[in-house]
Amino acid sequence: MTILVIAEHDNKAVAPATLNTVAAAVKIGGDVHVLVAGVGVGAVAEAAAKIAGVAKVLVADNAAYAHQLPENVAPLVAELGKSYSHILAAATSNGKNILPRVAAALDVDQISEIISVESADTFKRPIYAGNAIATVQSNAAVKVITVRATGFDPVAADGGSAAVEAVSAAHDAGLSSFVGEELAKSDRPELTAAKIVVSGGRGMQNGDNFKHLYELADKLGAAVGASRAAVDAGFVPNDMQVGQTGKIVAPQLYIAVGISGAIQHLAGMKDSKVIVAINKDEEAPIFQVADYGLVADLFEAVPELTKLV
Amino acid sequence: MKVLVAVKRVVDYNVKVRVKADNSGVDLANVKMSMNPFCEIAVEEAVRLKEKGVATEIVVVSIGPSTAQEQLRTALALGADRAILVESAEDLTSLAVAKLLKAVVDKEQPSLVILGKQAIDSDNNQTGQMLAALSGYGQGTFASKVEVAGDTVAVTREIDGGAQTVSLKLPAIVTTDLRLNEPRYASLPNIMKAKKKPLEVLTPDALGVSTASTNKTLKVEAPAARSAGIKVKSVAELVEKLKNEAKVI
């Protein structure tokens, strides 16, 4: 068995989710190869070669792969993937965009967002917003799988010494082109990788009030998230959304402030080790999953908490 | 231009589902079913394109049991012109659905196909991408903005770090994200009118598509329950617990 892992990167550095994906590949067993497709990705390939457990790094350096357009990257992955037993990618917006296209090209069903490896062909994944866990078996010749990063502890970023091999295949479907992007800037840790996450909901009342959460987060070295209600109300940008349709996080500590705890929100954070809820409504469903609940006005409790930690 | 919209009948998003005692699946007997929320957004976007004069006809398609006609009628009441049901009683995988949709796309030749980004039951997030691959079209997934200009469509997509805009040649596939629009409600007169709109029923066999799957669900379980927590009285007590009991700060 040889497993192909699609590296998640921005042409400059390997994203942490790649380390969790390699961890899932190691659990399946067999040689692990990593594909780095992009443009000017020398540094990414070098970093990928150092990841513990990786046997080989394939590098496809071509202008057509610059922005990971699925129309160009998927045919490359499908072509290379034919000789592998498994193709894995992180369940990031990129992985979710590309991998189903690969699966269809190979005429196999995909398994999305696995949270555990039972055996080389059997995996567990959440369905119905995490309210049920399905055990799925694949008898496909090539198993195409996306990996939920929070389900696997990352492998070490150093210690490996994989061979790096260039791939010459170029695919430019000419169906799509990159126009531009607008990335939210933040000095705080990345939401999906943070050890502590502080999230605000509708109870924050407006965007300015999120400053209370930023102050607390900076004191704790935490990332700041939000519920869909807070995003839809325009308090914060949508890439801060935690939930079924946003990001899935599983930090050591999740502090939910002014969040009622709808099913869709819980789907994104209920695997956190410790959950704290601060809400003035003691009937809020969030208290059913919180390890520590505080029924209080957040505008008094959060500044006090910032002072005390 | 013609726009095709795919909709799915799923358990209503407000329902707290229960796993069956024999672990064969989720209990859907006597549970409220609705149109998948992302599909509602897809229908709304198509109707808005028609209102802008970009789209000339909206065809809505669903693949599933005969009861999915209810969701098709809802889409017709929202502004779709006609409906197609590909009737299949079995639980189909995303790839099988994508293959059936490809057959419908071949038949209807739409310029744009709009789907939801994921169904809230299987949480797969695959069908749109698979349909794009099978049709050989470009894909604009997780769309928060769609602008058709001539023979291209500009799609602004929600990505992990923010937003990205891509330009796709038509025909193309777009999958909707939550922030694309706010779906309207169907008015009573429109619900009545929708009953008279055409609804064609097809079968996978008639479309010549095999729905065989390479995946098998062995069992479905309830997730591990979290042990009950405690309520603290003050912020000071909370900090004390986090430091000394949970040891997370």
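Trainee: Let's start with one residue: at 61% relative accessibility, does Leu188(B) count as buried or exposed?
Mentor: Buried means under 20% relative accessible area, exposed means over 50%, and partly exposed is in between (1.4 Å probe, protein chains only). Leu188(B) has 61%, so it counts as exposed.

Trainee: Before we go on, what kind of model is this?
Mentor: Residues are numbered from 1 along each chain as its sequence is written, chains are lettered from A and ligands numbered from 1 in the order in which they are written, and side-chain values use heavy atoms, leaving out hydrogens and water. Local features need pLDDT of at least 70, side-chain atom pairs count only at pLDDT 80 or more, and totals for chains, interfaces and linings use all residues; this is a predicted model.

Trainee: Back to Leu188(B), then. Which residues make the nonpolar surface patch of about 290 Å²?
Mentor: Leu188(B) sits in helix α5 (residues 188-194) of chain B; helices (H or I, at least four residues) and strands (E, at least two) are DSSP runs numbered from the N terminus. A patch takes residues with over 30% relative accessible area and no salt bridge, joining like charges within 9 Å and nonpolar side chains (Val, Leu, Ile, Met, Phe, Trp, Tyr) within 5 Å. Areas come from the Shrake-Rupley method with a 1.4 Å probe, and for residues only the protein chains shown count as cover. The patch of about 290 Å² is made by Leu188(B), Ile191(B) and Met192(B).

Trainee: Let's look at Asp27(B). What backbone nitrogen does its side chain reach?
Mentor: Asp27(B) is in the loop between β2 (9-11) and β3 (33-35) of chain B and is partly exposed, at 36%. A polar contact is a pair of N or O atoms within 3.5 Å; within protein, one must be able to donate a hydrogen and the other to accept it, and residues adjacent in sequence count only if both atoms are side-chain atoms. At 3.2 Å, the side chain of Asp27(B) reaches the backbone nitrogen of Ala29(B).

Trainee: Which residues does Asp27(B) contact, leaving aside neighbours within four places in sequence?
Mentor: Contact means heavy atoms within 4.5 Å. With those neighbours left out, the partners of Asp27(B) are Arg18(B) and Lys20(B).

Trainee: What is the phi of Asn23(B)?
Mentor: Most residues other than glycine have a negative phi. Asn23(B), placed in the loop between β2 and β3 of chain B, is partly exposed at 28%. Its phi is positive although Asn23(B) is not a glycine, near 60 degrees.

Trainee: And what is the phi of Gln205(A)?
Mentor: Gln205(A) is in the loop between β12 (196-200) and α5 (210-220) of chain A, and at 51% it counts as exposed. Gln205(A) is not a glycine, yet its phi is positive, at about 75 degrees.

Trainee: In chain B, is the peptide bond from Leu170(B) to Pro171(B) cis or trans?
Mentor: Pro171(B) lies in the loop between β9 (162-169) and β10 (172-176) of chain B. Most peptide bonds are trans. From Leu170(B) to Pro171(B), omega is near 0 degrees and the bond is cis.

Trainee: Which backbone oxygen lies 2.6 Å from a polar atom of the Ser272(A) side chain?
Mentor: Ser272(A) is in the loop between α7 (263-266) and β15 (274-279) of chain A, and it is buried, with 2% relative accessible area. Its contacts beyond four places in sequence include Tyr254(A) and, from the other chain letter, Arg226(B). The oxygen at 2.6 Å belongs to Met269(A).

Trainee: How far apart are the closest N and O atoms of Asp232(A) and Arg228(A)?
Mentor: A salt bridge is a side-chain nitrogen of Lys or Arg within 4 Å of a carboxyl oxygen of Asp or Glu. Asp232(A) and Arg228(A) are four residues apart in helix α6 (residues 228-232) of chain A, so about one helical turn separates them. Asp232(A) is partly exposed at 40%, as is Arg228(A) at 37%. In their salt bridge, the closest N and O atoms are apart by 2.8 Å.

Trainee: Lys117(B) and Asp177(B) also pair up. How many residues apart in sequence are the parts they tie together?
Mentor: Lys117(B) is buried, and so is Asp177(B), and their side chains meet in a salt bridge at 3.4 Å, N to O. Lys117(B) lies in the loop between β6 (112-116) and α4 (127-135) of chain B and Asp177(B) in the loop between β10 and α5 of chain B, so the pair ties together parts whose separation in residues is 60.
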